[in-house]
Amino acid sequence: RFGFARAPQPVHRLDRDTSGCLLLARNPKAHKRFQRAFEEGKVAKTYLAVVDGVPEAGEGRIDIPLGKRSTAKEGWRIVPDPKGKPSVSNWRTVAVKDGRAMILFTPETGRTHQLRVHAAEGLGLPISGDPVYGAGRGPMLLHALSLRLEREGKQPVEATAPLPPTFVQAGFGDVT
């Protein structure tokens with residue numbers, strides 16, 4: 001509860017295997033205001049991911065609409081779908097080691113599994129350890145590095161999360 005009368009409530013979600021920043025609201029009024037900011041795209045987010053390979057270009061933009069597909073064999077997953085919801089991510093390579101790259105993603109939208117699908121389909125390089133869109137060997141190396149939310153008449157909400165040990169163990173301990 002961090003010393004508050006009510007338990008803080010998460011405003012957004014991270015995938016189970018994703019580490020990093022998560023915004024919590026102290027009360028229902030703040031929760032509603034913060035959730036609206038996410039829906040309106042007013043929250044700046046950055047993520048780091050280690051991908052299985054090195055992209056040809058050093059940076060780019062991925063614009064792939066996404067939809068949900070569910071089958072008895074594979075369960076549900078997010079797939080590129082021209083009729084799906086708009087989904088845009090900007091990216092740049094920040095480090096390369098042993099045939100893998102660490103990518104800084106700045107998503108403009110916030111769809112379920114967006115970065116995981118954009119890495120696998122847009123870059124053609126799945127996130128290391130991704131059990132759904134990649135090979136799934138080892139921990140998934142996706143980290144919500146930072147978020148920033150502007151607030152009218154107040155200081156912005158800003159958070160940065162240090163890289164977890166899994167990135168350091170994979171040889172990507174420095175953020176450049």
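Colleague: Let's start with the rings. Which residue lies over the face of W76?

Modeller: Bear in mind that this is a predicted model. A Lys counts as sitting over a ring when its NZ is within 6 Å of the ring centre and within 35 degrees of the ring normal. At 4.9 Å from the ring centre of W76, the residue over its face is K68.

Colleague: And which ring does the charged end of R33 sit over?

Modeller: The cut-off for an Arg is CZ within 6 Å of the ring centre, along with the angle to the normal. The charged end of R33 is 5.8 Å from the centre of the ring it sits over, and that ring belongs to F34.

Colleague: Now the inside. Which element gives the largest share of the largest nonpolar core?

Modeller: That core has 22 residues, and V51, I103, F105, L123, I127 and L142 have the most contacts inside it. Two or more residues come from each of β4, β9, α2 and β10. The largest share is 5 residues, and it comes from α2.

Colleague: How many residues does the other core have?

Modeller: It lies apart from the largest one, and V11, F34, V43 and V157 are among its members. F34 is also the residue whose ring has the charged end of R33 over it. The size of that other core is 13 residues.

Colleague: Is D98 buried or exposed?

Modeller: D98 is found in the loop between β8 and β9, and it has a positive phi of about 50° without being a glycine. The cut-off for exposed is over 50% relative accessible area. D98 is at 70%, so it counts as exposed.

Colleague: What about H113, buried or exposed?

Modeller: H113 lies in the loop between β9 and α2. Its phi is positive too, about 60°, although it is not a glycine. Buried means under 20%, and H113 is at 11% relative accessibility, so it counts as buried.

Conventions
Residues are numbered from 1 along each chain as its sequence is written. This is a predicted model: local features need pLDDT of at least 70, side-chain atom pairs count only at pLDDT 80 or more; totals for chains, interfaces and linings use all residues. Side-chain values use heavy atoms; hydrogens and water are left out. A nonpolar core is a set of buried Ala, Val, Leu, Ile, Met, Phe, Trp, Tyr and Cys residues joined through side-chain atoms within 4.5 Å. Buried means under 20% relative accessible area, exposed over 50%, partly exposed in between (1.4 Å probe, protein chains only). Helices (H or I, at least four residues) and strands (E, at least two) are DSSP runs, numbered from the N terminus.
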